[in-house]
Amino acid sequence: MSTLLTPLRTGRFLSQKLNEAVHIAALRMKLRQKSAFLPPDDGHLDVLLNFPDSTINLYQVRQWYGPLEHLAQKLRVGILCYHPETAQQISEETSLKIILTPGYSDLSEVEDVLQPKVILYPNQNYANYRILGLESSEHVFICHGESDKIYMASNWVKVFNYFFVAGQASRDRLTRHVRNYDVEDRTIMIGRPQIDIPQPPPFKWDDERTTIIYAPTWEGGRLTMRYGSVASHGVAMVQALVSEKNLRVIYRPHPRTGIYSDDFLSADAEIRRIIAAANETDESASHLVDETPFGWQLTAADFMITDISAVAYDWLTTGKPLLVTEPAEREVPTPHEGIMTILPRVTASASPSIVSIVDSVLHDEVLMKKFSEGADYYYGDRRPGASLQRFTNAIDYVLDERDRNLPTWDCRPRSLSNASLSRSRHLTGSLPKTSATSVKPAAALKQVNAKTTPAVKSLSRVARRLLTTTILTSHTQSLVARSVNVAEYHQQSPIVVTAMGNPEDMGPLVDWLPALELANRSERVTIIVGNLHAHRFLRSRTRLRILVGNNATVTESYYSGLAPLLDVHFDQAKLNLREAGHNAMRHMYVGSSDELGWLNNRLRLFDSIIQPPQIPDGMIREALIHFPETIDIVSVRGGDTAAERARVLRDAVEYSRKLSQASTWEVGQSR
């Protein structure tokens with residue numbers, strides 16, 4: 001019987017996922033028949049918010065409805081959705097133009113029809129990597145809230161042309177934690193435009209109770225992001241708060257609570273049960289489990305308890321008292337500067353005493369004064385209308401820069417044999433397509449008939465991925481376990497090569513293997529791959545150390561154990577760009593000698609670029625709008641040999657070593 005369990009479970013899993021894929025494909029086809037989800041008939045958009053997520057992350061875009069609707073009074077503004085359910089839901093919540101992509105990976109309409117001048121990003125989803133390749137747009141990170149999480153100072157901010165930050169606190173944070181990033185040149189302070197959008201509360205209570213909102217974050221997708229308090233603090237705190245007759249509790253769980261952790265899921269259920277039981281005992285209490293859009297709570301509540309997360313900083317704009325929890329995970333980096341160092345932290349063991357802690361904060365006048373001063377530091381001018389005007393001005397500035405600095409050439413060649421021709425061509429139309437062409441399709445997908453519908457192609461891709469991840473799971477886990485042991489207990493590696501794509505993406509890396517093997521004689525080289533196929537492919541071609549990392553937490557542990565100085569990339573696969581978000585090393589991109597698909601906006605993410613000797617000097621900076629001067633562009637001269645390539649790598653490691661020894665830059669502080 002037991003021998004049948006794994007195949008049966010695998011079969012059920014595959015069936016479930018394929019059914020979901022069929023449903024998504026059918027809904028996409030249905031919505032795409034409606035003009036409401038197609039590009040506008042009358043041309044391009046000035047501003048496009050890119051949102052590749054499912055409905056579970058709608059909280060990230062909902063808070064931008066108001067500022068974008070304000071912007072739409074004078075500009076052409078839209079929201080790009082990749083999931084049909086997301087597009088359908090957003091269309092019911094805002095008057096903004098919604099565009100649903102023809103397929104999850106199909107951005108052809110963005111390039112050919114929408115041609116947005118500015119693209120806004122409310123998150124650092126790795127699915128952003130496709131559209132980030134677009135050279136004809138300026139790319140702006142607007143985030144979904146201000147906070148002192150290390151997320152707000154990820155290396156990923158480099159990939160955007162600009163980061164619209166809240167205030168000086170964000171700029172100081174980036175200066176401390178992101179090296180090789182020109183904060184003054186690449187950030188614009190806009191405050192918090194959401195506070196200038198009226199949001200009347202749907203509830204009004206006439207009694208004298210103090211209303212406390214408990215708004216914890218979720219458990220986080222990796223160890224260093226586990227700031228959530230639901231499982232460690234939540235049950236005890238809520239039980240104590242609802243037991244007090246003069247208090248009302250609004251429990252606002254994060255939409256992603258419990259998606260990774262059963263402990264969080266069960267604690268969330270218990271908190272809901274406690275609130276329901278308290279309301280049955282005292283109907284006038286009106287305790288609330290709140291899953292409405294965020295904003296009105298800033299007016300309705302008197303006091304907030306939350307974690308180290310963006311809602312704490314939204315609350316900061318109110319000037320009302322606040323408490324934050326201490327993360328239970330010791331590995332989580334916690335702020336050692338800013339407002340979080342002023343506020344009392346609630347430890348898990350102190351959760352049952354939350355009522356007395358709240359009372360002490362309410363009567364601490366010195367703390368409240370510091371709190372008000374902190375709000376100025378984080379947001380700047382908070383007078384009515386000031387933030388919204390700063391946001392509008394920032395958009396105008398970027399639009400103007402884009403129009404003034406769009407490269408004045410057209411039809412850039414996709415192969416190096418014609419590279420020299422690019423200098424003499426002038427702008428006659430739109431720029432070439434680049435957002436997805438640099439990522440080659442899987443070999444199996446090439447065999448699909450060209451007339452096959454996009455829906456069938458999508459289902460084929462889903463089925464192939466599911467089969468790979470289920471049938472080969474056991475072997476992959478074994479390789480991961482051995483890799484973890486190597487990364488933690490064997491010698492460190494100054495050079496790491498990130499190769500998270502598939503074998504068909506690895507031509508440039510294979511071409512550089514002789515150089516990497518030469519460099520390995522003096523500076524240890526380790527290759528990190530993301531799947532079993534890549535491991536087998538490289539294992540037969542090199543004796544360099546190869547580790548397998550099948551998720552973000554595992555690869556994060558590798559980087560920590562290996563302590564690399566230099567991370568080298570040879571392709572722009574989505575998961576490659578994910579790993580380029582690590583702050584503790586310099587990231588280098590090696591341009592291909594065969595084609596130019598890699599020459600796109602994603603290059604901003606890297607600290608240095610090795611360009612092939614065939615590329616004319618200055619071509620990279622000429623091709624991309626406002627390309628950062630802080631990025632080094634290195635040429636392999638004097639013969640493009642393995643020895644010369646190895647020398648360039650060794651020089652880059654030595655340069656990284658000197659910078660690390662001399663720098664006051666910080667990775668992030670743990671307790």
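Leucine 48 sits opposite isoleucine 119 of strand S4. The model is predicted: local features need pLDDT of at least 70, side-chain atom pairs count only at pLDDT 80 or more, and totals for chains, interfaces and linings use all residues. Residues are numbered from 1 along each chain as its sequence is written, and side-chain values use heavy atoms, with hydrogens and water left out.

Strand S1 covers residues 47–51. S4 covers residues 118–121, and the two pair in the parallel sense over three bridges. Pairing requires at least two bridges found by DSSP. Strands are DSSP runs of E with at least two residues, helices are runs of H or I with at least four, and both are numbered from the N terminus.

S1 also pairs with strand S2, residues 77–81, in the parallel sense over five bridges. Here valine 47 has valine 77 of S2 as its bridge partner.

Now the helices. H8 (residues 230–242) packs with H9 (residues 262–281) at about 5 degrees, axes 9 Å apart. Axes are lines fitted to C-alpha atoms over the stretch in contact, and angles run from 0 to 180 degrees between N-to-C directions. H8 is therefore roughly parallel to H9 (an angle under 35 degrees). Contact means heavy atoms within 4.5 Å. Residues making it include Val235 and Val238 of H8 and Phe264 and Ile271 of H9.

Methods. Angles under 35 degrees count as roughly parallel, over 145 as roughly antiparallel, 65 to 115 as roughly perpendicular and the rest as oblique. Buried means under 20% relative accessible area, exposed over 50%, partly exposed in between (1.4 Å probe, protein chains only).
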